[in-house]
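Let's walk through this model together, one question at a time. Each answer works its way to the value or name asked for.

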Amino acid sequence: MHEANSAARSENRTVLVSAIHLAASGDAAGLHRVYDLTSAKLFGICLRICADREAAEDVLQDVYVKVWRRAASFDDTRASPISWLATIARNAAVDWRRAEHRHDAVPDEAMAGIADDAPLADVIMEGDEERRRLLVCIEGLPSDQSGAIRSAFLQGMTYQQLAERSGTPLGTVKSWIRRGMLRLKDCLGHG
C-alpha cells in the first residue's frame, strides 16, 4: 500500500512539474492543468489565511497570475511543485491581509469549518528528500527561531501576529526569523 501511494505521489509530481514547464513556455493549457491539479489545495491555503471567501477567491486568481509569470523560474531540483505553489499562495494571502490591515487571528473554530478536501502538502511531499532535510534543519534550530519560522511560513501568521501572540517585540521576532532562515540556508547547503 505504501509503495502504491509513493508511486502515485511521484506520478502526480511528474504531471504537475510537466504542467508548470508547459506554462513556463507560454502554453495556456499548461497553466490550466496546474490550476486543475492544485486550485482546491491553494484555495484552502488562501481561505485559511484570508478568512474571507471572496477575498480568498481574488487572492487565488492573483496566485495563478503570479504562477503564469514566474513559471520559468520554477526549478524542480530545488523544491517540490506543490511547495513552490503553496509558498506563492501563502505569500499572496499574507500580503492581502497586510494590505487590508487584518492582524486578527482566525479563530480555531472557524478554521475547523473550512472545507479543504485536497491532500495536505505534508502528505504530498512526504517522499521528497528536500522536505526531510528541511525538517531536520528546522528541528536543529533554537526553539524561538523554529517556532517563529513554523508559525510564519506554515501557519501563515504575520510577524506582527507572532509578536502579539508571544508578547515579544516585533524586532525580536523579525530577528529570530532572519537568523533562523540564515541557519536553514547553511544547513541545506544553499549558502
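Before we start, buried means under 20% relative accessible area, exposed over 50%, and partly exposed in between, with a 1.4 Å probe and protein chains only. This is a predicted model, where local features need pLDDT of at least 70 and side-chain atom pairs count only at pLDDT 80 or more, while totals for chains, interfaces and linings use all residues. Residues are numbered from 1 along each chain as its sequence is written, and side-chain values use heavy atoms, with hydrogens and water left out.

Q: How many helices does the protein have?
A: Helices (H or I, at least four residues) and strands (E, at least two) are DSSP runs, numbered from the N terminus. Read along the sequence, the pattern is α-α-α-α-α-α-α-α-α-α. There are zero strands, and the number of helices is 10.

Q: What percentage of the 191 residues counts as buried?
A: The cut-off to apply is under 20% relative accessible area. Of the 191 residues of the protein, the buried part comes to 40%.

Q: Which residue forms a salt bridge with Glu-57?
A: A salt bridge here is a side-chain nitrogen of Lys or Arg within 4 Å of a carboxyl oxygen of Asp or Glu. The search of the whole structure finds four of them. For Glu-57, the closest N and O atoms of the bridge are 3.9 Å apart, and both partners lie in helix H3 (residues 53-70), four residues apart, about one turn of the helix. The partner of Glu-57 is Arg-53.

Q: Which helix holds both Arg-98 and Asp-95?
A: Arg-98 and Asp-95 form a salt bridge, with the closest N and O atoms 4.0 Å apart. Arg-98 is partly exposed at 37%, and Asp-95 is partly exposed at 42%. The two are three residues apart, about one turn of the helix, and that helix is H4 (residues 81-99).

Q: How many residues apart are Glu-139 and Arg-150?
A: These two form a salt bridge whose closest N and O atoms are 2.2 Å apart. The pair links distant parts of the chain, with Glu-139 in helix H7 (residues 129-139) and Arg-150 in helix H8 (residues 143-153), and the separation is 11 residues.

Q: At roughly what angle do the axes of H8 and H10 cross?
A: Two packed helices are described by the angle between their axes and the distance between the axes. The axes are lines fitted to C-alpha atoms, for helices over the stretch in contact, and angles run from 0 to 180 degrees between N-to-C directions. The axes of H8 and helix H10 (residues 170-187) come within 8 Å and cross at roughly 95°.

Q: How many residues of the contact of H8 with H10 are nonpolar?
A: Contact means heavy atoms within 4.5 Å, and the residues involved include Ile-149 and Phe-153 of H8 and Trp-176 and Leu-184 of H10. Ala, Val, Leu, Ile, Met, Phe, Trp, Tyr, Cys and Pro count as nonpolar, Asp, Glu, Lys and Arg as charged, and the others, Gly among them, as polar. The contact has two polar and three charged residues, and the nonpolar ones number eight.

Q: Where is Ala-51 found?
A: Ala-51 has a positive phi of about 60° although it is not a glycine. Ala-51 is partly exposed, with a relative accessible area of 47%. Its place is the loop between helix H2 (28-50) and H3.

Q: What is the angle between the planes of Tyr-35 and Tyr-64?
A: Rings of Phe, Tyr and Trp (its six-membered ring) pair if their centres lie within 6.5 Å; planes under 30 degrees apart count as stacked, over 60 as edge-to-face and the rest as tilted. The search of the whole structure finds two aromatic pairs. Tyr-35 and Tyr-64 form an edge-to-face pair, 4.9 Å centre to centre, with an angle between the planes of 65°.
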